[in-house]
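Here are my notes on the model, as numbered points. Please read them with the structure open.

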Amino acid sequence: MTFIGWLQIGLVLIAVLSLAKPLGLYIARVFSGERTWLSPVLVPLEACFYRLAGVRTEREQSWLGYALAVLAFSLAGFLVLYAMLRLQHLLPLNPQGFAGLPPDLAFNTAVSFVTNTNWQNYGGETTMSHFSQVAGLTVQNFLSAATGMAVAIAVTRAFMRSKVSELGNFWVDLTRATLYVLLPLAIMVTIAFIGLGLPQSFDASFVATTLEGAQQTIAIGPIASQEAIKQLGTNGGGFFNVNAAHPFENPTAFSNYLNIIAMLSISLAMVYAFGQMVGRRRQGWALIAVTLVLLITGIGAVYWAETAGNPLLHAVGVDTLQGNMEGKEVRFGQAMTALYAAVTTGLSDGGVNAMHSSLTPLGGLVPMFLIQLGEVLPGGVGSGLYGMIVFAILAVFVAGLMVGRTPEFLGKKIEAREMKLAMLAVLILPLAILGFTTVSAVAEFGVRSITTPGPHGLSEILYAFSSAAGNNGSAFGGLSGNTPWYNTTLALAMLLGRFAYIVPVLAIAGSLAAKPRAEASSGTFPTDRPLFVGLLIGIILIMGGLQFFPALALGPIAEHFAMLAGQSF
Amino acid sequence: METFAMLDILFILLGAGMLAALAAYAFALDRL
């Protein structure tokens, strides 16, 4: 690790933190229905959408109505995208002449993009037509991100309101998230990316002459626009197979900075917006502090592990100064690779600028564990906020048990119903991850997809299902996931991790909105102080550790000790 | 082609079925 490396990391984090307040205030105004600087242009457009869709903006929904709207909208998105991918050979903008995707791959991809996972069991430049990329995948990048933001705002309103059953109107929240937040930011970031050298074209490819004089066909497409929403919406699905390691997706160190800033900006701003909307800005900063402590620890762990490198390679004379550079891009280096790896898995982004399977065992453990902690650091653009709130509810419950008082969070008493629902939400992740991993690790049809034997092979499977259930989308890369078994089971894990979490979370919101707000008293446990920040960090780590440490011990930890004993995989 | 049509129906039913099951889950939680 070097001072320059940490300086680079620090500059990116400072840039993101500087954006949290202004963007968070803007997001709070958008979802509170207040006028913004974009209102003169967007209000008429917004009204037009509502008229076309028959949406009555003054009609709000109960938690059940909101949840059913989320599910119905996602079902429609899944059906449309599935059809598009199966029939892409009949649709326009297919200069490459790609055939329709096979049914299992289309199923996996459609579910993947509708759930904001963007797990890709295919190489984009060899499989997807431009129409599928632009009208299918990129559209779902916007809509799935907006869906997550809408759910997070519904949960926020539960703390703002009392003795009501309505949480808002999903269609209004979805439209506002898309029109006022995601689209303007995506346009700005796309223009910046084009300026930084990312291609934006509807050509299939171009032919280049190499230095040796040979002709090389290089795939190209609408990369800048896809990259922008890929990061802003914490989607992660890249145009190319190697994602942000490809020089067309991420050509320079500066585009790498912009990638990471784009990834983090909305998620952190949503947490600030939460504090602003509930009238407790310190609460927003407290939750951001939890995120930063754990994220910086993760970044440091990856940076340390990768710069320490592989002792087996050092023993045969490989230069130790650079650490483990396998799978990494020289233009980014160790620090920015470590930052990207930790951020993409602390968020639910899933884009990668290095191959995670090539990380050292402990370097690979950290991204995996960050996903398994629940994707709340800071998590997806919406899912991170509501995931963090669920952990906060668990934390105040534990605090309440310790002191013998009814737990309350932001004036809302946390009672048996909320705790049952919180546990239903929290337990879906280990159920999906460990359940599917177990079957895949023992059944022949699961094991034959592993390319590396031993503990690294288990890590490949464990990472795949962690990524799917956590709606992350990054992969270890060594697993041949494009098989009927993995296409189907990863899709099921994605659906469970997304919607089987959203449903109880909205139920908690409905329950809290119906409660009266309790005034703070001398016995109220303050949730915006360092003690609560420490407690919440502990709860997140203990939950993740208890649930996943045994599996991690059999995978990356075993691999690390095997490496120290002289065995590589 | 027929095999593909059958698989299409299967996967569509699987996806829609999962979402329908989650809707039923929501109704069940409403009664909890």
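Which exposed residues does the face of α2(A) turned away from its buried side carry?

1. That face carries A:P40, A:V41, A:R51 and A:L52. Exposed means over 50% relative accessible area, buried under 20%, and partly exposed in between, with a 1.4 Å probe and protein chains only.

2. Some ground rules. This is a predicted model: local features need pLDDT of at least 70, side-chain atom pairs count only at pLDDT 80 or more, and totals for chains, interfaces and linings use all residues. Residues are numbered from 1 along each chain as its sequence is written, chains are lettered from A and ligands numbered from 1 in the order in which they are written, and side-chain values use heavy atoms, with hydrogens and water left out.

3. Helix α2 of chain A covers residues 39-53. Helices (H or I, at least four residues) and strands (E, at least two) are DSSP runs, numbered from the N terminus. At 1.5 Å a residue, its 15 residues should span 21 Å; the end C-alpha atoms are 20 Å apart, which agrees. The expected span is 1.5 Å times one less than the number of residues.

4. The buried residues of α2(A) are A:S39, A:L42, A:E46 and A:Y50. Seen down the helix axis, they fall within an arc of 80 degrees, so they line one face of α2(A). The arc is that of the directions from the helix axis to the C-beta atoms. An α-helix has 3.6 residues a turn, so residues three or four places apart point the same way.

5. What do the buried residues of α2(A) pack against? Their partner is α7 (170-195) of chain A. Contact here means heavy atoms within 4.5 Å. Just after α2(A), A:G54 takes a positive phi of about 70 degrees.

6. Helix α4 of chain A (residues 103-114) also passes the length check. Its 12 residues should span 16 Å at 1.5 Å a residue, and its end C-alpha atoms are 16 Å apart. Burial is a separate matter: 12 of the 12 residues are buried, so α4(A) is largely enclosed by the rest of the structure. Among them are A:P103, A:D104, A:N108 and A:F113. A:N116 follows α4(A) with a positive phi, near 70 degrees.

7. A:S112 is found in α4 of chain A. At 0% relative accessibility, A:S112 counts as buried. Leaving aside neighbours within four places in sequence, A:S112 is in contact with A:T117, A:N118, A:W119 and A:M494. A:S112 and A:I229 are 117 residues apart in sequence and 15 Å apart in space, C-alpha to C-alpha.

8. A:T156 lies in helix α6 (residues 130-160) of chain A. Its relative accessibility is 0%, so A:T156 counts as buried. Beyond its neighbours within four places in sequence, A:T156 is in contact with A:F274, A:M277, A:V278 and A:L385.

9. A:W6 sits in helix α1 (residues 3-31) of chain A. At 31% relative accessibility, A:W6 counts as partly exposed.

10. Chain B has one helix and zero strands. Its C-alpha atoms fill a box of roughly 45 × 5 × 5 Å, taken along the principal axes. Of the 32 residues of chain B, 28% count as buried. The accessible surface of chain B comes to about 2,100 Å², of which 76% belongs to carbon and sulfur atoms. Accessible areas come from the Shrake-Rupley method with a 1.4 Å probe; for residues, only the protein chains shown count as cover.
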